[in-house]
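Try each task before you read its solution.

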Amino acid sequence: MDFMKAAIKEARKGIEKQEGGPFGAVIVKEGRIIAKAHNRVLSTNDPTAHAEILAIRKASKKLGRFDLSECEIYSTSQPCPMCLSAILWARIKTLYFGCTAKDASKIGFDDSKIYKMFKSERKMPLKQKQLSRKECLALFDEWKKGKGKLY
């Protein structure tokens with residue numbers, strides 16, 4: 001199964017329901033999706049209801065533990081600092097992402113001020129690899145053309 005396609009499908013669901021921004025995430029363990037989520041900031045009025053956070057919560061509940069070190073996460077966009085921190089706290093070792101933070105900033109999701117605050121010489125203990133950028137950028141275009149967007 002193409003896990004990034006599953007994340008894209010989840011993000012599209014959120015766009016269609018106008019529940020939040022164009023972001024989706026899936027968590028995979030041993031080649032199977034154990035959790036999926038999309039951004040629900042608008043529908044929940046919860047600024048932490050990002051796709052990655054919600055997927056981590058679901059995976060942790062399903063597995064009955066916070067340690068997700070046996071899992072990977074697929075996200076349609078490079079995670080914001082909050083989500084990246086949650087991924088690290090969950091001990092997820094591999095992150096696959098579609099769009100970059102710079103791509104997200106072009107449609108109004110600019111985390112650059114936060115990144116500057118956290119700028120450090122420390123290396124992240126997380127392997128990262130970009131996948132399916134073109135398809136994930138299509139989500140951003142779809143979201144930009146939608147009605148009723150709130151940032």
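**Exercise 1. Find what alanine 101 touches, leaving out residues up to four places away in sequence.**

Step 1. Alanine 101 touches Gln78, Phe109 and Tyr115; contact means heavy atoms within 4.5 Å.
Step 2. Helices (H or I, at least four residues) and strands (E, at least two) are DSSP runs, numbered from the N terminus.
Step 3. Check serine 77. Alanine 101 and serine 77 are 24 residues apart in sequence, yet 7.0 Å apart in space, C-alpha to C-alpha.

A note on the source: this is a predicted model, where local features need pLDDT of at least 70, side-chain atom pairs count only at pLDDT 80 or more, and totals for chains, interfaces and linings use all residues. Residues are numbered from 1 along each chain as its sequence is written, and side-chain values use heavy atoms, with hydrogens and water left out.

**Exercise 2. Give the strand order of the open sheet of five strands, and say which strands stand at the edges.**

Step 1. Strands of a sheet pair through backbone hydrogen bonds, either parallel or antiparallel. Here, two strands pair if DSSP finds at least two bridges between them.
Step 2. The order is S2-S1-S3-S4-S5, with mixed pairing.
Step 3. Strand S2 (32-38) and strand S5 (127-130) stand at the edges. Each has a single partner strand, so one side of each is left without a neighbour in the sheet.
Step 4. Take the antiparallel pair. Strand S1 (residues 24-29) and S2 are joined over six bridges. Isoleucine 27 stands opposite alanine 35 in S2.
Step 5. Look at the hairpin of S1 and S2. Two residues lie between the strands, and glutamate 30 takes a positive phi near 50°.
Step 6. Take a parallel pair. Five bridges join strand S3 (residues 71-77) to strand S4 (residues 94-99). Tyrosine 74 has tyrosine 96 of S4 as its bridge partner.

**Exercise 3. Describe how helix H1 (residues 3-17) packs with helix H7 (residues 133-145).**

Step 1. Two packed helices are described by the angle between their axes and the distance between the axes.
Step 2. For H1 and H7 the angle is about 5°, and the axes are 10 Å apart. Axes are lines fitted to C-alpha atoms, for helices over the stretch in contact, and angles run from 0 to 180 degrees between N-to-C directions.
Step 3. That makes H1 roughly parallel to H7 (angles under 35 degrees count as roughly parallel).
Step 4. H1 makes the contact with Met4, Ile8, Ala11, Arg12 and Ile15. H7 brings Glu135, Cys136, Leu139, Glu142 and Trp143.
Step 5. Now relate H7 to the sheet. H7 lies across S3, S4 and S5, running at about 55° to S4.

Note on methods: Parallel < 35°, antiparallel > 145°, perpendicular 65-115°, else oblique.
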